[in-house]
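Here is a short briefing on one protein chain. Keep the structure open and find each place as you read.

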Amino acid sequence: MNAPLALETTWLAAAERMAMAPALVAALPQVLGQWRHAFALLDAADSLAWVNPAWCQLTGYSVDEVLGRSLVDVLGWDSDAGAPTAPRLKQVLAEQQSQQLTLGLRRPDGVRVWSRVELQRLADGGGARWAVSLFELSGEALDTAAWQALIESSADATIVWDDGGVARQANDAAYALLGVDAQQLLGCTLDALPWRVSDDEGQALDSDWLPEVVALQSGQGVLDATVGVQLPDGRQRWLLVQAQPLSRGPQAPAWLSVRYQDVTEQHNRRTDLDRQRRRLMSALEGSQISTFEWNVDTGELHFDERAAQIVGRSPEEMWPPTVDVWRRITHPDDDATQGVLLQAHFSGETEYFEQELQLQHADGSWRWVRDRGRLSTRTTDGRPEWMYGTREDITAKKTAEVAAARDHALLQALFDLAPIGIQLIDLTMSRPLLANTALERILGESAQVLLEPELLSEAVPRWEAQLQHWYNEVVLNDRLGPSQTEYLRGDGARVNLVAHGVRVNVASRDHLWLTVQDVTAERAMELQLRTAASQDKLTGLANRASLLRELQQAFDRQTAGVSDAPGLCVYFLDFDRFKLINDTLGHDAGDELLRGIAQRLREACADKTAASRAAGGHAQWLPSRLGGDEFVVLASGISQVDDAMRHAQDLLEALAAPYTVRQQPFHSSASIGVAIWQPGLDDGESLVHNADIAMYEAKRRGRRCAVPFDAEMRESISRSVQIEHAVGSALGTSQLYFAYQPIVDLDSGRVTSAEALLRWQHPQLGALSPAEFIPIAEECGLIVEIGEWGLLEACRQWAVWHQEAPDIAPALISVNLSRVQLSQGERLLKAVSHALRESAVPPSALQLELTEREVMRDVASARELMLKLKALGVTLAMDDFGTGASSLGSLRAMPFDVIKIDKSFMTDLCVDPQAMTVAHATINVIENLGMTSVAEGVEEAVEVAALQAIGCRFGQGYWFARPQPPQNILSVCKERAIVAR
């Protein structure tokens with residue numbers, strides 16, 4: 001179809017459709033077809049009914065391609081660089097008014113064309129019609145028009161920046177959003193903006209980091225950048241920035257189209273939601289409140305396990321995690337209400353979604369829950385997306401609401417009957433609202449006076465002034481107290497008050513909730529307690545704190561040389577056999593004894609003080625109790641040791657007489673340590689410490705005596721402390737080791753066994769005697785670990801000897817047991833079994849030595865333990881026989897295999913016939929009881945002969961061999977075997 005024929009045909013069809021007048025039908029095609037400007041007519045449906053050739057040339061569409069299509073469809077250009085033009089066209093057509101606008105359109109071949117569009121509203125008998133003219137723009141007019149059209153077509157605030165960062169165009173939305181006019185904005189540069197820009201965290205942005213600058217410099221768009229701006233009028237807003245470079249042809253540098261959206265509300269809401277969510281999760285942690293996450297868009301709903309527990313179900317029963325699963329157990333009335341409440345929240349009418357609803361429990365009952373949540377995010381097109389919230393079981397609360405109404409009167413009564421004063425005060429009006437009965441009683445005023453400001457000012461100005469002081473503190477700090485004050489009542493009584501208060505908001509008004517407690521009686525009690533704090537509760541003597549305070553004051557006076565009674569002495573008393581009465585008669589009896597001791601000390605010290613006064617002196621004697629059975633006497637006016645010891649003897653005599661405990665006489669002597677002040681001491685406590693050291697020396701010397709402190713005692717104590725601290729670290733090192741002393745058959749001369757003797761080579765103190773370090777190890781409790789190590793070490797050494805020389809190695813290895821090990825019988829049995837098992841030593845090869853003294857301490861318990869040890873198959877020996885309290889007759893009851901006779905029996909054995917007779921009788925009894933005798937401490941050949949003569953079987957001592965390192969024992973055994981041949 002050629003163009004004129006096509007135009008004519010389409011024109012006639014359009015004219016017929018639009019019912020044009022015949023004259024118009026004949027004339028217009030001739031005129032309009034010759035126009036060089038594009039022209040078209042629209043029918044009543046706003047569709048293209050006729051176009052001229054210039055229209056087809058400008059738009060790039062043929063006649064067939066455009067006729068019948070919507071004008072919006074043909075000219076509505078979705079630009080890569082800006083907002084679509086279609087909405088503007090629709091708006092113009094809808095307004096039914098002739099208008100002129102600039103639009104961009106895209107031809108089918110991809111070429112973009114900017115045009116001025118004139119739409120003329122026509123009125124004719126055929127109905128509403130439009131005449132549309134297109135005028136192509138070019139050059140600078142094109143730039144100006146294109147950018148202006150682009151930004152005017154955008155509903156968002158839009159600014160066009162040129163390649164130099166200068167604002168060229170802006171729409172009205174931009175001026176309104178940014179609070180500036182065209183004069184302030186157009187022509188300004190990105191490094192001199194009339195507003196201040198900060199990042200999403202509120203930090204000021206350097207101009208190089210602005211989204212607009214980044215887009216210009218990179219040539220790439222910057223999308224969804226959130227920035228904060230402080231506008232010229234001081235307002236703070238948050239903007240979502242979309243910066244997109246605009247191509248202006250192959251030769252022209254790109255400009256920048258930037259759209260700004262005000263997202264202040266969304267930003268603040270998101271910030272608030274994040275903060276609230278963190279607080280919520282923290283508050284819910286460990287609580288019984290359930291939480292949920294709901295994707296409103298997909299229906300996905302996640303509850304934690306507690307939600308299922310509320311309705312008596314397992315999480316598996318509530319699967320899959322969707323809204324429909326929970327809707328099935330929701331009460332129908334609540335389900336309908338829920339939709340309304342959710343819609344109100346999603347539309348922004350409510351800040352939170354909150355609903356109380358009923359859910360059906362697995363047992364058929366209905367449970368009340370409270371759901372509370374908030375929409376957190378929306379989809380890109382604005383639809384609700386994720387919502388987070390909590391679900392709480394409020395069945396009990398609902399039930400309680402009924403009871404709450406019933407209990408209102410009771411609560412009011414409790415308020416009135418509370419033991420502390422309560423008052424509620426309106427801080428805004430400075431007016432008291434409530435006062436309970438306790439407050440009336442405390443202040444001695446009626447509620448009418450306390451609640452009427454006029455009466456209060458007139459009758460109780462002191463209380464009004466006190467209230468004003470508390471008002472001010474609560475206004476500044478939101479809370480009060482504890483605030484203590486002494487208040488003078490109207491009746492003249494003084495009362496001590498303690499007030500607490502807090503600011504509370506009720507009905508949008510600030511109030512002071514004030515509690516007032518009368519602590520007059522408590523303050524009086526505190527005074528009594530402070531007085532009693534200096535006394536020992538049991539005895540009434542001065543206690544430790546009081547003693548140390550008095551001692552330090554006296555010490556300072558002595559040091560300064562200003563004492564009325566020169567010289568200062570401390571007596572440290574510890575009572576012998578006190579533990580016995582506690583263990584046998586009970587702690588009440590012990591307390592009775594302590595009170596008797598305290599009374600004697602009090603009387604003795606009073607006599608000493610009175611005697612000094614009578615002689616014109618100023619000496620003072622202060623008795624005190626440190627705790628337990630330890631007492632200290634502080635005496636001034638004593639500077640010589642002889643005087644101090646004389647007074648100590650007086651104290652011993654005063655305390656020596658029997659005490660009556662439980663109506664029975666009881667003897668308890670004291671051990672006293674004496675320490676005298678000397679220049680150079682650090683403080684008063686050092687005197688007590690010195691006296692304490694001297695007291696232990698008194699106990700060591702046999703008790704019931706007084707010992708003055710000297711420097712050697714400190715050195716001895718220091719050495720003991722050093723040993724105690726080192727014994728633990730020595731275990732498991734080469735410092736602790738065994739030396740072995742052979743035991744010899746007196747008839748054959750062969751070595752039959754060896755005794756393991758513990759030795760300690762201290763790195764600083766040198767070789768330490770077992771007599772020194774073993775008691776210390778026993779006191780600090782480490783002897784048990786040492787003993788267990790020793791058992792295993794001795795057994796392993798026996799095994800080594802028998803691997804190297806089984807024919808001559810000792811048949812027995814003998815190990816000593818400590819008294820502490822004996823006191824832990826079960827542990828000892830396990831240790832012995834473990835040592836035998838680990839070393840693969842036969843039980844019959846192990847001999848355990850127990851001292852006579854420890855066996856006789858508790859014969860029944862010792863016998864029971866020995867029988868258990870015998871059951872393991874080991875040999876038992878009594879060590880040091882003849883030094884304790886046992887008798888020859890008592891040996892019959894004890895399951896010993898070997899009796900080792902103490903070396904004291906060797907004294908005068910060869911020169912005193914009587915000593916020989918005793919030794920002979922002893923060995924006969926031992927052998928007749930089926931036990932084996934071993935003589936200890938054999939040092940001379942004549943003693944060997946004497947022992948053989950009286951029938952002793954075995955001997956041990958320096959005559960045969962001194963204690964040897966383990967590697968020497970086999971050599972000794974070999975030598976003895978050669979001698980025996």
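Arg 662 counts as partly exposed, because its relative accessibility is 42%. This residue sits in the loop between β25 (659–661) and β26 (664–666). Its phi is positive, about 55 degrees, although Arg 662 is not a glycine. The model is predicted.

**The whole chain**

- The chain has 981 residues, and 44% of them are buried.
- Its secondary structure comes to 36 helices and 37 strands.
- Take the contacts with a separation of 6 or more: 55% of them are between residues 24 or more positions apart.
- The chain exposes about 50000 Å². Carbon and sulfur atoms supply 51% of that area.

**Backbone details in loops**

- Most residues other than glycine have a negative phi, and most peptide bonds are trans. Keep that in mind for the next points.
- Asp 46 has a positive phi of about 60 degrees, and Asp 46 is not a glycine. Look for Asp 46 in the loop between β1 (38–42) and β2 (48–51).
- Which kind of peptide bond joins Trp 319 and Pro 320? The bond is cis, with omega at about 5 degrees.
- Pro 320 lies in the loop between α12 (305–310) and α13 (323–327).

**Helix α10 and its end**

- Helix α10 covers residues 211–218. Pro 211, Glu 212, Val 213 and Ala 215 are buried there.
- What do the buried residues of α10 pack against? They pack against four strands: β6 (157–161), β9 (222–230), β10 (236–246) and β11 (255–262).

- Ile 743 belongs to strand β29 (residues 736–745). Is Ile 743 buried or exposed? It counts as buried, because its relative accessibility is 3%.
- Leaving out residues up to four places away in sequence, Ile 743 touches Arg 750, Val 751, Thr 752, Ser 753, Ala 754, Lys 900, Val 934, Phe 954, Gly 955 and Gln 956.
- Ile 743 and Ser 814 are 71 residues apart in sequence. In space, their C-alpha atoms are 9.6 Å apart.
- Thr 515 belongs to strand β21 (residues 509–518). Its relative accessible area is 16%, so Thr 515 is buried.
- Thr 515 touches Ile 420, Gly 421, Ile 422, Val 498, Ala 499 and His 500, again leaving out residues up to four places away in sequence.

**Helix pairs that share α31**

- Two packed helices are described by the angle between their axes and the distance between the axes.
- Helix α31 (residues 825–839) packs with helix α33 (residues 859–871) at about 20 degrees. Their axes are 11 Å apart. The angle is under 35 degrees, so α31 is roughly parallel to α33.
- The crossing of α31 and α33 is right-handed. On the α31 side, the contact uses Gly 825, Glu 826, Leu 828, Leu 829 and Val 832. On the α33 side are Leu 865, Lys 868 and Leu 869.
- By class, the contact of α31 with α33 has five nonpolar, one polar and two charged residues.
- Helix α29 (residues 783–804) also meets α31. Their axes come within 9 Å and cross at roughly 25 degrees. So α29 and α31 are roughly parallel to each other.
- The crossing of α29 and α31 is right-handed. Residues in this contact include Leu 791, Leu 792 and Cys 795 of α29, and Leu 828, Ala 831 and Val 832 of α31.
- This contact of α29 with α31 divides into ten nonpolar, two polar and five charged residues.

**A crossed helix pair**

- Helix α22 (residues 544–560) and helix α26 (residues 684–700) cross at roughly 110 degrees. Their axes come within 8 Å. The angle falls in the range 65 to 115 degrees, so α22 is roughly perpendicular to α26.
- Leu 548, Leu 551, Gln 552 and Phe 555 of α22 meet Gly 684, Glu 685, Leu 687 and Val 688 of α26.
- The contact of α22 with α26 has five nonpolar residues, two polar and one charged.

Key
Residues are numbered from 1 along each chain as its sequence is written. This is a predicted model: local features need pLDDT of at least 70, side-chain atom pairs count only at pLDDT 80 or more; totals for chains, interfaces and linings use all residues. Side-chain values use heavy atoms; hydrogens and water are left out. Helices (H or I, at least four residues) and strands (E, at least two) are DSSP runs, numbered from the N terminus. Buried means under 20% relative accessible area, exposed over 50%, partly exposed in between (1.4 Å probe, protein chains only). Contact means heavy atoms within 4.5 Å. Accessible areas come from the Shrake-Rupley method with a 1.4 Å probe; for residues, only the protein chains shown count as cover. Axes are lines fitted to C-alpha atoms, for helices over the stretch in contact, and angles run from 0 to 180 degrees between N-to-C directions. Angles under 35 degrees count as roughly parallel, over 145 as roughly antiparallel, 65 to 115 as roughly perpendicular and the rest as oblique. A crossing is left-handed if the near helix is turned anticlockwise from the far one by less than a right angle, and right-handed if clockwise. Ala, Val, Leu, Ile, Met, Phe, Trp, Tyr, Cys and Pro count as nonpolar, Asp, Glu, Lys and Arg as charged, and the others, Gly among them, as polar.
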